[in-house]
Structure formats: C-alpha cells, structure tokens
Amino acid sequence: MRQAAITGWGKCAPDNILSNDDLATLFDTNDEWITSRTGMKERRISHVPISELSHIAAARALACAGVNADDVDMIILGSCSFDSQVPNSSSRIQQLLQASNAACMDLNTACTSGMYALSVASAMIKAGTINNAVIIGAEVIHPFMDWTDRNVAILFGDGAAAFYLEAEDTEENVGIQAEALGCIADSRDILAVNGVGLKYANQGWPLGTTLWDFEGREIFKQAITGMQSGCEKALGKMGISTSDVDIVIPHQANLRIIEALAQRLKVPNEKLFVNIHRYGNMSAATAPMAIVEAVEEKHVTSGDLILVPAFGAGLTWSAQLIRWGQRCEPIATTDIALPECKESALDIVTRVAETHLKNPA
Ligand code: UT7
C-alpha cells in the first residue's frame, strides 16, 4: 500500500532569545505573571526573513533523509508571515535550496499551517500526484507584532521546522493514519491582525503598524473544545482511544490549554510533550518544531503513534494521528547555519515598538 512516510526532520530556531524579563522592559508585565499564566519563559527573534529560516530547517530535513535537493517534487510553506505574497515565499526557498525540480506552494491556516501542509503533502503523495515533498511550518511574527500590547506581545516567537515526506510501498502503516480538519469561521474575528493584508492598502493605514483583535479568554476556551473534538474525531476514524497513542504533541499556545486538553482526553503527563517554555507560540512552526524536538530528545521511538492537535486564527483546527517509521536517527547532518546576528532580540523588537509608537493606527 502506498504510504507517505516522514523520513527527514529538521528545525531552525534563531539564536536570539527574548526573555520574560526583556518583555518587562517594554511594558507593564513580569516573569511571574507570564510563567504562571502561559508556561512561557523565553521566545526566539529572527534576524532573517521567513524564507531563510525555512531554508535552513528544510536543508536539515533533507540531510536527515539523505536526499538531494534536486530530487524534491514539492515544497509547501505553511505560515501566515510570508516575506512576499507575489511571488510566493516557497519559490524563494526553492531558490535557496536549489531544488529546481520542485513545485512550490504557500499555505496559510495561521497556527495550524505547518500541520495542514503535512496533510496536503501526505494526501498528494498517497494519490500519486507527487513522490515526495518538503513541508515547512515557519513564522517570523515579530515584525508585525504590536510590541506595545502586553496582551499579545508576550505570547509569540519566531522559528521554523521542516519534514521530508516520501512515498513508501509497504504493508507497514507509516505517516498520517487518520486526521480531522476544520474551521470555526463564526469566531474568525476573535483573533485578527489589523494592518496586514490588501484590504488595508490605500486606506491610510500606517505602514508597519498593526492592531491585534485578541479575545484571549474566548480563544482559550474554543481552543480546548476545538482540539478535543478534533482528537475525538481522528481517534474515532481509527477506532482507538488515547490509551492506544504513544505520545501527544499539541500546538503550544498556553501550558494551561495543553493541560486542560490533556485532562479532557485522559492523557497522563508522561505521554505529553511540552516545549512552550523555550519558544512561546511560534504559530505555524509550533507543532512541527515540537515533533522534531520530541524525536531528537528520544520521546518518540520506532513505530510510535503520535497524536497532534492544533488550532489557530480562523479559528482553524486540526488533529492528526501519525505513525512514526523505524528510523529515529538522521542519516546525515549538515553544517548549514544562519548568519550571525549583531543585534540583541530586545534591540530588534524595540525598533518595531518604536515604529508603532511613531505611527499609531
Ligand atoms: O494560537 C492561538 C493564539 N492565541 C492563544 O492561544 C491565546 C489563548 N489565550 C490565552 O492564552 C490567555 O487568555 C492569555 C495568556 C492571553 C491571557 O491569560 P488570562 O488568564 O486569560 O488573563 P486575562 O486576559 O483574563 O487577564 C487577567 C489580568 C488582567 O488584569 P485585570 O483586568 O484582572 O486587572 C489583564 O489586564 O491580567 C492582566 N494582564 C497582564 N498582566 C501582566 C494581561 N496581560 C498581562 C501581561 N502581564 N502580559
């Protein structure tokens, strides 16, 4: 049976760290509030655009799978912070990777984009449209963050993670085994970034300034119920329960959301992977990065069944059951790395905050 196996994985977390104490220099907040309400301690700030961050993650995933860039059939970039809309950002990744035989697609479902990219690539491989794909979940959020708004600015960070998927004709079940995808569009206004998108062009909106509509408590509630019902649907398709799952790797938006979801799904702590303290919420990069780190840290072993619930603006949601293959070690590694950054994370975001203060919306 034709399956879409994940045979390469890689991540790119910028070195620049923005701590809770750094945030306390920008507005009225503190480490105790952020840690107890969200579980976050620090997040990363990128000094390069999303295509460059994605390129490093993708090159690492290709090395891990032991394949050459010119053998790649398809690149899908899942994100909501593209460098440019026209041309698309995945075409820049093709250029940087020198993957000249690859089709290129940008995909936006906000925080779930990385997992939707995995879903699309997997379905295209199973259908025989392509034989392999690189999918990337990546985000460079800090340029359009409102660094004067403590309600949202504490939550997000930058990063990228990638998977290489390839067709395998095998009786062994590997890759996505069941999934459920959806969108609660009646709640699309509770998480909106005003100032980004063509509807703001020629409307006198100050360039580089955003205003976030962000109903944190409502998003919190809907995230839990949306992910819970998504997981139940995906589990139902396989006729199994969470006790048959080896590890749950959820989208990391708030530790309290993760814990409430785990309680409802009856998932014990030892089956739950959490890395929110290191990165905050990297939107589309979050769930892919958590999967990559769970493999790297050996929380995922050969043949494990992984449940990945996610949600994002839209409000989009997803739940996927992924069977990992036999190999948990990379075939090879690459020494490719980001260029050095001379500015601190706090310097970078202070510059963005000054733009907001100079040009209020
Ligand atoms: O991927 C999708 C992305 N979005 C999310 O996942 C967001 C989901 N929502 C959340 O994670 C939580 O709702 C937040 C972390 C955003 C907020 O936590 P909360 O427990 O819902 O706090 P709250 O908004 O109800 O605010 C409680 C208090 C308020 O003060 P008063 O009115 O009680 O005096 C806020 O003004 O905390 C205050 N507050 C802060 N204090 C210090 C809000 N933000 C901060 C802050 N530092 N950064």
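The element that gives the largest share of the shell around the ligand is α7, with four residues; helices here are DSSP runs (H or I, at least four residues) and strands are runs of E (at least two), both numbered from the N terminus. This is a predicted model, in which local features need pLDDT of at least 70, side-chain atom pairs count only at pLDDT 80 or more, and totals for chains, interfaces and linings use all residues. Residues are numbered from 1 along each chain as its sequence is written, and side-chain values use heavy atoms, with hydrogens and water left out.

The ligand has 24 residues around it, and Thr29, Arg37, Arg217, Asn254 and Arg256 come nearest. A residue is near a molecule if one of its heavy atoms lies within 4 Å of it. By kind, the shell holds 12 nonpolar, seven polar and five charged residues; Ala, Val, Leu, Ile, Met, Phe, Trp, Tyr, Cys and Pro count as nonpolar, Asp, Glu, Lys and Arg as charged, and the others, Gly among them, as polar. Domain 1 (2-172 + 337-358) and domain 2 (176-323) each supply at least three residues to the shell, with bounds from an automatic or database domain assignment.

Three side chains make polar contacts with the ligand (pairs of N or O atoms within 3.5 Å). For histidine 251, a polar side-chain atom lies 3.3 Å from a ligand oxygen. In arginine 150, a side-chain N or O atom is 3.0 Å from an oxygen atom of the ligand. For arginine 256 the corresponding distance is 2.9 Å. On its own the ligand has 950 Å² of accessible area, and the protein covers 76% of that, by the Shrake-Rupley method with a 1.4 Å probe. Two or more shell residues come from each of α2 (31-38), α6 (150-153), α7 (216-238) and α8 (255-265).

The backbone has some features to look for in loops. The peptide bond from valine 86 to proline 87 is cis, with omega near 0°, and proline 87 lies between β4 (74-78) and α4 (89-97). Glycine 314 and leucine 315 are also joined by a cis peptide bond, with omega about -15°; leucine 315 is in the loop between β12 (305-312) and β13 (316-323). Alanine 110, a residue other than glycine, has a positive phi near 60° and lies in the loop between β5 (103-107) and α5 (113-127).

Methods: Polar contact = N/O pair within 3.5 Å; in protein donor to acceptor, adjacent residues only side chain to side chain.
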